[in-house]
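I opened a new page for this structure. These are my entries, in the order in which I looked things up.

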Number of protein chains: 2
Amino acid sequence: MRTAAAILAIALAASPLAAQSVDRNEVNRILDEGFNRSEAMLTLQHLTDHIGPRLTNSPGMRAAEEWTLSKFRSWGLKNAHKEGFDFGRGWWIERSSARMVSPRPITLTAIPIAWTPATAGRISAPVIVAPMTEERHFERYRGKLAGKIVMVTLPNDGSEPTDPAFKRWTGDELAKFDTYEQPKYDPEASDRRMKRLDYAAKLDAFLKAEGAAAYATMSPRDGKLVHGAGYLFGAGETQQVPGVEIAAEDYRRLARLAKQGNAPVVELENVVHFVDTDTQAYNIFADIPGSDPSGAYVMAGAHLDSWAAGDGAVDNAAGVAMVMEAARILQAMGVKPKRTIRFALWAGEEQGLLGSMDYVEKHVASRQRKPGAPNTGLARFYGWANRWPIARQPGYDKLVAYFNLDNGSGKIRGINTENNGAVVPTFRDWFAPFNSLGASTVAIRKSGGTDHVFFSAVGIPAFQFIQDPLDYGSRLHHTSIDTFDHIKPADVRQASAILASFLLNAANADKPLPRLPFPTEPNVTDPFAYPNPDDLD
Amino acid sequence: MRTAAAILAIALAASPLAAQSVDRNEVNRILDEGFNRSEAMLTLQHLTDHIGPRLTNSPGMRAAEEWTLSKFRSWGLKNAHKEGFDFGRGWWIERSSARMVSPRPITLTAIPIAWTPATAGRISAPVIVAPMTEERHFERYRGKLAGKIVMVTLPNDGSEPTDPAFKRWTGDELAKFDTYEQPKYDPEASDRRMKRLDYAAKLDAFLKAEGAAAYATMSPRDGKLVHGAGYLFGAGETQQVPGVEIAAEDYRRLARLAKQGNAPVVELENVVHFVDTDTQAYNIFADIPGSDPSGAYVMAGAHLDSWAAGDGAVDNAAGVAMVMEAARILQAMGVKPKRTIRFALWAGEEQGLLGSMDYVEKHVASRQRKPGAPNTGLARFYGWANRWPIARQPGYDKLVAYFNLDNGSGKIRGINTENNGAVVPTFRDWFAPFNSLGASTVAIRKSGGTDHVFFSAVGIPAFQFIQDPLDYGSRLHHTSIDTFDHIKPADVRQASAILASFLLNAANADKPLPRLPFPTEPNVTDPFAYPNPDDLD
């Protein structure tokens with residue numbers, strides 16, 4: 001009489017999935033720990049309500065670095081440490097206010113633009129609407145800006161949302177994600193982007209030379225939401241003119257009044273502070289060590305940094321809480337994986353995936369740098385993707401899979417395989433126990449914009465999960481209402497459990513996940529395209 | 001040989017609509033004036049951007065009273081005048097700010113509650129969450145509130161909008177509006193409401209006695225929208241404790257932090273002012289005189305007052321602009337109507353339809369007052385509807401129709417006939433030239449909540465138009481983003497033209513519009529209902 005285990009072993013050996021076979025019993029233990037003893041929402045709440053915004057190198061981010069490290073240690077993870085990289089200045093908002101004081105009093109909704117200097121106390125100045133997006137527009141306003149608050153965005157007509165703010169993917173939408181797109185390659189794209197990047201510094205120099213009191217941009221979202229994104233965070237790059245983003249409704253009212261006669265007078269006070277005690281930003285790591293002597297590891301990551309307008313809840317305390325909860329679940333289960341499971345919390349994501357890029361450069365693979373090309377700030381991000389060849393670092397082959405979470409707080413509906421067709425059957429199998437929790441889509445498409453990108457770009461099997469959007473894109477992403485309230489606890493717990501399961505499967509799989517061929521420079525530019533005249537300026 | 005005119009006359013005489021026959025040529029002239037030379041958006045913009053919020057008896061409302069009168073006069077309307085009624089205090093916000101200063105600094109989104117007193121400068125105090133909705137809840141917090149900012153709303157879990165913020169009615173939705181509902185009558189409803197009304201004053205007295213520094217409510221809408229509605233506007237009613245409405249996200253964060261340990265400290269500064277030079281509120285009127293010696297007239301109205309959070313754009317500068325534009329169109333056409341056409345802009349609508357109620361009482365019909373019953377503030381509104389009998393004023397029979405606009409800035413899709421079945425064919429005929437502009441629904445249902453209510457309640461044919469909702473209810477109604485930006489100019493022009501046409505038709509109709517029977521006290525209470533235990537407290 002054969003035992004049940006023996007029957008199972010034979011069945012698995014006969015299965016085409018045998019190479020990635022996993023212990024299904026672990027799934028039930030993960031769900032038990034993740035649903036009945038979850039700490040994910042406590043983690044998320046501490047990061048948002050208590051610590052608040054975590055702009056890279058700000059005091060909030062420093063507090064988050066220390067707290068997450070201590071949390072990993074308290075759960076018993078090993079090798080918890082931070083690793084620094086050159087970033088730039090810290091900056092934080094103590095308080096700010098903006099009011100129209102003439103022709104009538106209105107309290108405006110506004111936020112200081114990140115890394116712009118404080119106002120000299122409470123300043124009061126007339127506005128001037130001077131829409132500028134390129135250097136050639138400066139001439140039109142020369143001699144007109146002295147002592148003014150310069151409104152540099154062209155006001156638009158606003159927009160009214162005809163789609164629901166809150167949504168979950170339908171089956172049809174998920175199915176469409178599973179579409180292979182043949183690659184396009186534009187080797188000059190990053191140079192063009194870098195040229196645009198210069199513009200912010202040039203505008204600042206122009207405004208300074210003209211004696212502008214401050215400048216104002218219009219929020220790109222309606223509904224009194226503000227963001228305050230700014231990118232001149234490098235030491236020595238700091239703008240000289242204070243900047244403020246004004247809510248669209250308030251900005252457009254100022255613009256209409258200015259057009260009709262006496263310019264409104266705005267009273268502005270940005271009480272902001274720079275911190276230069278440490279210009280390094282830090283990634284946070286912690287491990288569940290594996291038994292495999294080769295040093296092979298799998299990794300999950302999410303960025304710990306945020307913008308300053310809200311509390312960085314869905315972007316991305318949610319992803320951080322899921323990664324940390326997966327760590328807690330696996331640690332509480334006492335798993336002894338074959339490969340090490342590493343948990344990474346990135347810094348500088350919002351300024352160009354800089355934390356994950358630094359990790360890739362140091363530990364995975366580096367790319368040749370163009371002589372003389374800029375390598376600070378956002379330029380580092382834009383300049384990176386089209387440098388060839390790629391050189392493997394010693395740790396290249398040890399990293400067998402990277403999983404990223406940065407699509408808000410929605411539950412996991414599937415995963416993007418980044419053109420990796422070979423991994424599709426494996427991931428379908430791994431999702432099988434979670435199909436009834438809404439997760440089943442394995443979509444071959446590539447996704448961009450977050451910390452798996454540079455891993456994937458050097459040939460690591462690196463994946464971003466597909467999550468329900470909820471109201472991430474519609475109203476929370478980078479805004480003043482990215483707060484804990486908008487999180488759905490059941491979604492966070494589901495995603496944490498699935499991530500834990502994927503990590504354990506990847507760590508224990510008989511063979512490493514299939515890789516794409518090692519990347520070399522493509523030859524797929526469009527030989528028939530004319531350059532865009534906007535790029536010739 | 002018969003002339004074309006004679007043929008037409010015979011045709012009309014044979015038609016069932018003959019009694020209400022109208023000159024169709026006027027429609028084309030109205031559309032020409034209303035679409036090619038519209039001033040509606042200029043009117044609307046002046047009321048919102050330039051004048052801004054128009055809380056009854058505030059300086060903004062006073063400016064609007066003068067400006068609208070001067071505008072009517074400049075267009076050549078006759079009998080432009082204002083008519084006062086007892087209201088209460090003026091109140092306006094110079095500026096306000098709210099910040100959490102501990103455990104970390106956050107600028108909060110908040111607004112002073114209307115007619116609450118200023119803070120004594122910039123105050124700083126810990127919060128306490130003390131949800132109270134009834135007098136019996138006070139005991140729980142006695143002795144705990146001294147020196148605190150008392151958060152009186154029970155925080156909720158928030159809500160995520162799964163319907164689009166912006167919408168237009170579908171044909172199906174419009175069709176459902178045409179449903180006759182048999183009347184219900186609850187003679188004690190207003191007494192119950194009045195009892196609840198006492199609560200705000202009792203809470204204030206309790207907070208004052210306990211030495212609370214201020215009180216805070218939670219915004220009823222998510223998304224950092226605030227409203228600031230308050231109702232203790234009568235002279236002698238003013239609250240003693242400053243009040244502030246805090247954005248839901250900010251309120252809930254304070255509540256969570258307070259629950260977890262040290263109460264957050266909030267710094268609050270409400271710089272608000274009372275104006276007591278004139279406690280009368282004023283309705284605004286202007287006429288296009290009719291030739292009929294009986295003094296018969298038709299009237300259109302919209303309320304000029306608003307809340308203080310936004311600029312009162314969709315509620316209700318839009319309706320005012322439509323009424324004023326209809327006046328301008330008809331005046332520019334040089335119409336000489338049979339009956340006088342009167343344009344009314346009401347005050348005190350937001351505090352209980354008080355302006356239109358005053359007009360009805362003085363010029364249309366009055367209701368018996370219960371001896372000793374309160375007759376100020378909101379109590380006047382709640383107390384009015386169930387007083388019997390109704391006594392006709394001398395002007396009762398002269399008012400042959402009242403048309404109201406107070407559903408935002410959306411185009412007119414139809415009209416509610418308020419259970420008046422006899423008028424249905426007439427209105428269908430009047431809409432016929434505008435069917436291709438989206439207006440065709442004649443819905444027999446009753447609608448409530450705005451200035452046609454008290455006309456209708458005394459038997460006047462009084463109607464509220466059906467308008468596309470746009471984002472009125474979802475995010476603009478009474479909020480901080482009720483600004484000019486969210487207005488759709490094409491909708492405003494369409495509604496103005498249709499109103500002009502309805503007014504001219506009603507003024508020139510051979511016979512007055514059919515009326516409902518003169519109202520007497522109904523006898524349709526439910527003899528089987530038990531009282532709600534909540535009403536017995």
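**Entry 1: α3 and α4 in chain B.** I began with the contact between these two helices. From α3(B), the residues involved are B:T43, B:H46, B:L47 and B:I51. They meet B:G60, B:A63, B:A64, B:W67, B:T68 and B:W75 of α4(B). I sorted the contact residues of this pair by type: six are nonpolar, four are polar and none is charged. I note here that the model is a predicted one.

Next I looked up the geometry. Two packed helices are described by the angle between their axes and the distance between the axes. Helix α3 of chain B covers residues 40-51, and helix α4 of chain B covers residues 59-75. Their axes come within 11 Å and cross at roughly 155 degrees. Angles over 145 degrees count as roughly antiparallel, so α3(B) is roughly antiparallel to α4(B). I also noted the hand: the crossing of α3(B) and α4(B) is right-handed.

**Entry 2: α3 and α15 in chain B.** I stayed with α3(B) and turned to another partner. Its axis and that of α15(B) are 9 Å apart, and the packing angle is about 110 degrees. The range from 65 to 115 degrees counts as roughly perpendicular, so that is the label for α3(B) and α15(B). This crossing, of α3(B) and α15(B), is right-handed.

Which residues meet here, between α3(B) and α15(B)? On α3(B) they are B:A40, B:M41 and B:L44. On α15(B) they are B:P489, B:V492 and B:S496.

**Entry 3: after α15 in chain B.** I followed chain B past α15 (489-508) and picked B:D510, which lies in the segment after that helix. Its relative accessibility is 45%, so B:D510 counts as partly exposed. I then checked B:D510 against B:V22. They are 488 residues apart in sequence, yet their C-alpha atoms are 8.6 Å apart in space.

**Entry 4: α9 in chain B.** Is helix α9 of chain B, residues 313-333, largely enclosed or largely open? I counted 19 of its 21 residues as buried, so α9(B) is largely enclosed by the rest of the structure. B:G334 follows α9(B), and its phi is positive, near 70 degrees.

**Entry 5: A:S496.** I moved to chain A. A:S496 sits in helix α14 of chain A, residues 489-508. Is A:S496 buried or exposed? Its relative accessibility is 1%; under 20% is buried, so A:S496 counts as buried. I listed what A:S496 touches, leaving out residues up to four places away in sequence. The list is A:A40, A:A321, A:M322, A:E325, A:A326 and A:I329.

**Entry 6: A:A391.** I looked up A:A391 next. It belongs to strand β14 of chain A, residues 390-392. At 39% relative accessibility, A:A391 is partly exposed. Beyond its neighbours within four places in sequence, A:A391 contacts A:A365 and A:S366. I also noted A:R367, 24 residues from A:A391 along the chain, with 6.1 Å between the C-alpha atoms.

**Entry 7: the two chains together.** I finished by superposing chain B on chain A. A rotation of 180 degrees does it, with 0.0 Å of shift along the axis and an RMSD of 0.0 Å. The two copies are therefore related as by a two-fold rotation axis. Within chain B, the C-alpha nearest that axis belongs to B:P164, at 1.9 Å from it. Both copies use the same surface: 100% of the contact residues of chain B recur in chain A.

Key:
Residues are numbered from 1 along each chain as its sequence is written. Chains are lettered from A and ligands numbered from 1 in the order in which they are written. This is a predicted model: local features need pLDDT of at least 70, side-chain atom pairs count only at pLDDT 80 or more; totals for chains, interfaces and linings use all residues. Side-chain values use heavy atoms; hydrogens and water are left out. Copies are superposed by least squares on the C-alpha atoms of residues with pLDDT of at least 70 in both. Contact means heavy atoms within 4.5 Å. Helices (H or I, at least four residues) and strands (E, at least two) are DSSP runs, numbered from the N terminus. Buried means under 20% relative accessible area, exposed over 50%, partly exposed in between (1.4 Å probe, protein chains only). Axes are lines fitted to C-alpha atoms, for helices over the stretch in contact, and angles run from 0 to 180 degrees between N-to-C directions. Angles under 35 degrees count as roughly parallel, over 145 as roughly antiparallel, 65 to 115 as roughly perpendicular and the rest as oblique. A crossing is left-handed if the near helix is turned anticlockwise from the far one by less than a right angle, and right-handed if clockwise. Ala, Val, Leu, Ile, Met, Phe, Trp, Tyr, Cys and Pro count as nonpolar, Asp, Glu, Lys and Arg as charged, and the others, Gly among them, as polar.
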